[in-house]
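Notebook open, pencil ready. Here is what I looked up today, one entry at a time.

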Amino acid sequence: MSLFGLLPSDVGINIAIAISVIAFVSGTARGFSGFGSALIFMPLASSLAAPPLVAAVLLIIDIVAAAPLVPNAWRQADRKAVAIMALGALVGTPLGTYALTRLDPLTTRWIISAFVLALLILLVSGWRYRGKDHVPVAVGIGGLSGFCSGLAQTGGPPIVAYWLAYAIGVLLGATLFGKASEALFRSICYVLIALAALIGLPALDGVLR
């Protein structure tokens, strides 16, 4: 029997390999663009295994990948602003996690794909919050991000739209790929996210899976 449920072990191995490939592709996208890993990983991997398991796998991957960045981030972060937003996340994350564990897997997949497409539109639009920082707004954004994280590990884009102008330089990608175009990297990542959301739609199960 396999880790992915009551399936023959060879089927479970094939699913594990497929999810590993998806993780590699989503990790590569994150490496050269700085975002998008969850938006690519969750729709595709959730079409192969239970969404709660997939979310847990991505959480572990993200913790391991982000751990080396914590010391430098701690020095440079506005810890007061982060703490205020974290208050909202403390409420939103358990709610998202509860929804993840209680909803039917098929319903969860529809919600994840809808979330990913909505967040992709937000990222492509370049919109960001231009008002002043207000505690209620920051707490609300933290709550929304926490809910997205709890349900689908996609909590980054709401914070990006609130805190950052979306002309973010892809520093890591530029370092790894020399003089590669930032716009090209962003475009590739957008395409990958869109494909992941569409391929992960339950409506295509009979065609693609």
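**Entry 1: helix α2.** I checked which residues of α2 are buried, and I found Ser 37, Ala 38, Leu 39, Ile 40, Phe 41, Met 42, Pro 43, Leu 44, Ala 45 and Ser 46. Buried means under 20% relative accessible area, exposed means over 50%, and partly exposed is in between, with a 1.4 Å probe and protein chains only. That is 10 of the 10 residues of α2, so the helix is largely enclosed by the rest of the structure. Helices here are DSSP runs of H or I with at least four residues, strands are runs of E with at least two, and both are numbered from the N terminus.

**A note on the model.** I am reading a predicted model, where local features need pLDDT of at least 70 and side-chain atom pairs count only at pLDDT 80 or more, while totals for chains, interfaces and linings use all residues. Residues are numbered from 1 along each chain as its sequence is written, and side-chain values use heavy atoms, with hydrogens and water left out.

**Entry 2: the whole chain.** I counted 11 helices and 0 strands. Of the 209 residues, 35% count as buried. I also looked at contacts (heavy atoms within 4.5 Å). Among those between residues at least 6 apart in sequence, 72% join residues at least 24 apart.

**Entry 3: α2 against α3.** How do the axes of α2 and α3 cross? Helix α2 covers residues 37-46 and helix α3 covers residues 51-66; their axes come within 9 Å and cross at roughly 150°. That makes α2 roughly antiparallel to α3. My axes are lines fitted to C-alpha atoms, for helices over the stretch in contact, and angles run from 0 to 180 degrees between N-to-C directions. Angles under 35 degrees count as roughly parallel, over 145 as roughly antiparallel, 65 to 115 as roughly perpendicular and the rest as oblique. On the α2 side, the contact is made by Ser 37, Ala 38, Phe 41, Met 42, Ala 45 and Ser 46. On the α3 side I noted Pro 51, Val 54, Ala 55, Val 57, Leu 58 and Asp 62.

**Entry 4: Ser 26.** I found Ser 26 in helix α1 (residues 9-33). Is Ser 26 buried or exposed? Ser 26 is buried, with a relative accessible area of 4%.

**Entry 5: Thr 101.** Thr 101 sits in helix α5 (residues 79-102). I have this residue down as exposed, with a relative accessible area of 52%. The side chain of Thr 101 reaches the backbone oxygen of Tyr 98 at 2.9 Å. Thr 101 and Leu 53 are 48 residues apart along the chain, and their C-alpha atoms are separated by 9.9 Å.

**Entry 6: α5 against α7.** The axes of α5 and helix α7 (residues 135-152) come within 6 Å and cross at roughly 30°. That makes α5 roughly parallel to α7. Residues making the contact include Gly 88, Gly 92 and Gly 96 of α5 and Gly 142, Gly 146 and Gly 150 of α7.

Key. A polar contact is a pair of N or O atoms within 3.5 Å; within protein, one must be able to donate a hydrogen and the other to accept it, and residues adjacent in sequence count only if both atoms are side-chain atoms.
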